[in-house]
Amino acid sequence: MRFSPELLISVQSISEFDALVTTTAESVSPLADIIDLKDPRRGPLAPASSVLWDHAAKVASNRPELRISAALGEYDEARAVAATLPARFDYAKMGPSGLRSVSDLCNAWQSVRRSLPEGVELVGVAYADHTNACTLPADEIFTAAQGEGLRRVLVDTFVKDGISTLEHLGIAGSRNLIASAKRQGLWCAIAGSLAKKDFAAIMPLEPAHCVGVRGSVCEETRTSDLCIQRCQQWRSLVDDWKVEGLAI
Ligand SMILES: O=C[C@H](O)COP(=O)(O)O
């Protein structure tokens, strides 16, 4: 069986979204399997403006192949904005910072899921630097997600200081986390200041279903403009990574 992981790219503006969508239309293979909307200037998972949400939903309403995802922010912000997310979105992500117990986390997920439009799937996010975010370790969040009936999880970093998820968790820790998610039947995405070398390091050991990037596809830092050439390089990297006979 041929397996290629999916690529998630985060965008912060209408021009970046349009650039990815336009390139997607012209490419044999889509530049991003999932286009993720966020405001990287305001935190790891800060929501983009409602103007950008509405624009993306409108474009995607005529493009059924596009998969779009929205960062909702941490819990207080997420519960305030979840109900305003357009129903065309495929996924929504809420940061777990400040949620220190499984019950607090599950209550927060339940509250946000009740507010989301029907059909928008909540993704369970864990932070590799969980102590920075005053929340539970990633493996506990993934297990809680499974128990709560979430089907998808993503590990990211809370503090965007360039220290990657792989550096926080270590190679063995990252591998174990992905393996544990997969054992629990969860679709697992890995993100968090990832560089191309991080992808090359982790995938042969334990391939994630998806890799998410922002800083690595920008002109300079993650708040600067998206660089389409870097997006194309990531697309090639992901597409070239193929494993025969590997089921995930
Ligand atoms: O969801 C993925 C994030 O946008 C990753 O951002 P980053 O690569 O800058 O840490």
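Which residues of the largest nonpolar core touch the most other members? The structure is a predicted model, in which local features need pLDDT of at least 70 and side-chain atom pairs count only at pLDDT 80 or more, while totals for chains, interfaces and linings use all residues. Residues are numbered from 1 along each chain as its sequence is written. The largest nonpolar core holds 78 residues, and those touching the most other members are Ile 9, Ala 92, Val 153 and Val 211. A nonpolar core is here a set of buried Ala, Val, Leu, Ile, Met, Phe, Trp, Tyr and Cys residues joined through C-beta atoms within 7 Å. In soluble globular proteins, nonpolar side chains tend to be buried together.

The protein contains 8 helices and 10 strands; helices (H or I, at least four residues) and strands (E, at least two) are DSSP runs, numbered from the N terminus. Its radius of gyration is 17 Å, close to the 18 Å that the globule rule gives for 248 residues, so the protein is as compact as a globular protein of that length. The radius is taken over C-alpha atoms, and the rule is 2.2 Å times the number of residues to the power 0.38. Of the 248 residues, 48% count as buried, that is, with 20 or more other C-beta atoms within 10 Å of their own, C-beta atoms being placed from the backbone.

Apart from neighbours within four places in sequence, Val 153 is in contact (C-beta atoms, placed from the backbone, within 7 Å) with Val 123, Gly 124, Ala 126, Phe 142, Ala 145, Ala 181, Leu 186 and Cys 188. Phe 142 and Ala 145 are also among the buried residues of helix α5 (138–147), together with Ala 138, Ile 141 and Ala 144. These residues lie on the same side of α5, because they cover an arc of only 160 degrees around the axis, the arc being that of the directions from the helix axis to the C-beta atoms. Their cover includes α4 (102–115), β6 (121–127), β7 (152–156) and α6 (165–183). Just after α5, Gly 149 takes a positive phi of about 85 degrees.

Trp 234 lies in helix α8 (228–240) and counts as buried, with 20 C-beta neighbours inside 10 Å. Beyond four places in sequence, Trp 234 is in contact with Leu 7, Val 213, Ser 216 and Val 217.

The ligand is surrounded by 16 residues, the closest being Ser 10, Ala 191, Gly 212, Arg 214 and Gly 215. Strands β2 (6–11) and β9 (210–213) each supply at least two residues of this shell.

Terms used. A residue is near a molecule or strand if its C-beta atom, placed from the backbone, lies within 6 Å of it. A residue is buried if 20 or more other C-beta atoms lie within 10 Å of its own, exposed if 12 or fewer, and partly exposed in between; C-beta atoms are placed from the backbone. Two residues are in contact if their C-beta atoms, placed from the backbone, lie within 7 Å.
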